[in-house]
There are 2 protein chains.
Amino acid sequence: MSQPVAGRPAARAADAAAAATLPDPTFPIPWLPDGLDTPVLVVDLDVAEANTRRLVAHVAASAATLRPHAKTHKSLEIARGQLAGGVVGLTVGTLGEAEVFVGGGLDDLFVAYPVWAAGPKASRLRALHERAPRLRVGVDSPAGAEQLAAAVAGAADPLQVLVEVDPGNRRTGVATPEAAVGVARAAARAGLEVIGVFSHGGHGYAGPEARAIAAADEVRTLTAATEALRAAGFECPVVSAGSTPTMLAALGGPITEMRAGTYVLGDRQQSVLGSIDPGAVALHVAATVVSAAVDGQVVVDAGAKTLTKDVAPYLWGYGALPAYPWAVIERLSDYHGVVRIPPGSPAPALGEVVAIVPNHVCPVVDLFDSFVAVRGRRRVGTLPVDARGRRG
Amino acid sequence: MSQPVAGRPAARAADAAAAATLPDPTFPIPWLPDGLDTPVLVVDLDVAEANTRRLVAHVAASAATLRPHAKTHKSLEIARGQLAGGVVGLTVGTLGEAEVFVGGGLDDLFVAYPVWAAGPKASRLRALHERAPRLRVGVDSPAGAEQLAAAVAGAADPLQVLVEVDPGNRRTGVATPEAAVGVARAAARAGLEVIGVFSHGGHGYAGPEARAIAAADEVRTLTAATEALRAAGFECPVVSAGSTPTMLAALGGPITEMRAGTYVLGDRQQSVLGSIDPGAVALHVAATVVSAAVDGQVVVDAGAKTLTKDVAPYLWGYGALPAYPWAVIERLSDYHGVVRIPPGSPAPALGEVVAIVPNHVCPVVDLFDSFVAVRGRRRVGTLPVDARGRRG
């Protein structure tokens, strides 16, 4: 995996900093409209819609449904495109995201997060539940279940919850089927309606091989938890897996839905991991070269407040430039991206607008108020990032 | 620097991941108002105002003035507090920030950035210049100077520019005094008014020793550039240095102003570098513990979309918890912060609201629409982050 890549200049392959990195795939050079006020997000809606159609078909072949995580795009318009493409509803990560999507009429939502419903969040959850009774919430502790139940006490419908189980990601979710039954019983006792279990195979982000391992972990963990819940008298109609790295393989067994999110826009990380094809990248950051004063590099106007400092051990730098595959975005400050140009490889000119594939698209989108939308080589409008900043 | 810290559990000091890190100072535990809807920013305006008064006095002792970088706080109210505390004007990084501050009546601004004034930026710069003739812009290339001049051609007043020189940071800025004269001549020929030079000693972020080196580099580089410009017939009334790591030492010689920004809110990075006292941290992220399902850790609702993944080689993890100094914020996903709790050290309880000192405050603030403002142990209101998202 860390071997020099054929065709790459030796200077790059030999760089010690790259010892653990994986090669970038060949990203197609996207079309960008003229007159962009950089830095700006450009999303190709045709590519995004094709991504959804392809994943819906793949998931359907395993008799499951797609409930994509909308934290990636935070856009009502892109969400409507996903629903038109055959997804059954949306996943969100926060009550704030749920409020925006419910406000836009999209109310079949799962908040895949152990919401702690105290203080202001209790009244916000109560209002959401009354407005969107199908809204489901995650839970991974008896105490969390009791808070949720207290927040909705006296409502017309019971709040539906899914118990989170940990497939080895070590973030949230209970560790054993017995603990899942314990949380489910506490939830039922408190008056919540337990409708299933969910997991997130986030450890699949560790590398290409980890994807398959994490997917198998999700299937095994969800199977064991479902069996235990059913043995304890819970019907468990919803068994929900998901992440983009595990989306193609965490299917089968009792799994009824997949929650991948990043797949719709794609990014450098998913391409390098092999989760998506490099041609499936639907979002680029357009940036302008503002300085070439220092030898061996240029500076673009996309810095940490545009690309974020999201990195992974297998990614070198902070994004990829499809038109300049040897360039490395080596350092970021708030408004400067320092792009190293190895000797002998072409450099963008001062004033040139370049496209960048960000490492991780989700936090990048969350920085922007809008996308420039294109379809192929045509600009079709501007979309708001409706749920930007809704982090709680 | 990498020795175990007295009083720290051996498990932490021995951890290989910490081999290059520096110890956190002892951060005071801040007061947080009740009923916060986490994650949220809490800023103590008393602390921020004291930070400005102290730095203004320090800079004045070297016969210089303070023109703080407002990209840190992006707030009209905090900027007005800085002006009340004796700063002479503000620094910004983008035309978008300038538009917000000019809109708020704060028009003594320096855009410390090599603005490439083509396309939409040309008309925006023209409008800003007509509204705020004192607005100054950075330039580091003859081509950039020509673009600036073309954007304001025919305006009543000439646009004032400062030539950027590189003190060794290798980001932007010309490398030699001769090159600075070349850019100044090109600017003057194009009709711009060259009023001085500036530098940014960003290499002072590399570590505590680097601070003094970068400050000396700024003084030496600015002195040489000023002498060359004066010898070439440019009066050079403004000689501007600055970054928070170099703010106490990059003074003297011909330097007339200092542009530190982070100093006003403070953060973990500046405290560990020794640029600020840990008691000078004026901003905290308040977060809630939402999960304790996995042994040895808790999860808070501040993830990468709150704390950012900004790191430095000498910082371990993504922030510090003043009330839990042995805790390490080890992993972030969008809405989850995984906080490792070493065996035998205290852990926050499920549902507890904790204060976090972020690694780097500037990109954190840029994620939020508002701050909760306190003075001491009293909540005094909510301030908008007026220039949030103004990255271009």
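Tutor: Let us begin with the two chains: 56 residues of chain B are in contact with 56 residues of chain A. This is a predicted model.

Student: What makes a residue of chain B count as being in contact with a residue of chain A?

Tutor: Two residues are in contact if their C-beta atoms lie within 7 Å. By that rule, 56 residues of chain B touch 56 of chain A. The elements that give two or more residues to this side of chain B are strand E4 (109-114), helix H5 (120-131), strand E10 (283-291), helix H10 (304-307) and helix H11 (361-365). By residue class, the side of chain B that touches chain A holds 23 nonpolar, 18 polar and 15 charged residues.

Student: Why is Arg170(A) called partly exposed?

Tutor: A residue is buried with 20 or more other C-beta atoms within 10 Å, and exposed with 12 or fewer. Arg170(A) has 19 such neighbours, so it counts as partly exposed. Arg170(A) lies in the loop between strand E6 (160-164) and helix H7 (177-190) of chain A, and its phi is positive, about 55 degrees, although it is not a glycine. Most residues other than glycine have a negative phi.

Student: Why is Ala63(B) called exposed?

Tutor: The cut-off for exposed is 12 or fewer neighbours. Ala63(B) has 10 C-beta neighbours inside 10 Å and therefore counts as exposed. Ala63(B) sits in the loop between helix H2 (45-60) and strand E2 (65-66) of chain B. Ala63(B) is not a glycine, yet its phi is positive, near 60 degrees.

Student: How do you know that the buried residues of H3(A) line one face of the helix?

Tutor: The buried residues of helix H3 (residues 76-84) of chain A are Leu76(A), Ile78(A), Ala79(A) and Gln82(A). Seen down the helix axis, they fall within an arc of 160 degrees, so they line one face of H3(A). Their cover includes helix H2 (45-60), strand E3 (90-92) and helix H4 (95-103) of chain A. After H3(A) comes Gly86(A), with a positive phi near 110 degrees.

Conventions: Residues are numbered from 1 along each chain as its sequence is written. Chains are lettered from A and ligands numbered from 1 in the order in which they are written. This is a predicted model: local features need pLDDT of at least 70, side-chain atom pairs count only at pLDDT 80 or more; totals for chains, interfaces and linings use all residues. Helices (H or I, at least four residues) and strands (E, at least two) are DSSP runs, numbered from the N terminus. Ala, Val, Leu, Ile, Met, Phe, Trp, Tyr, Cys and Pro count as nonpolar, Asp, Glu, Lys and Arg as charged, and the others, Gly among them, as polar. The arc is that of the directions from the helix axis to the C-beta atoms.
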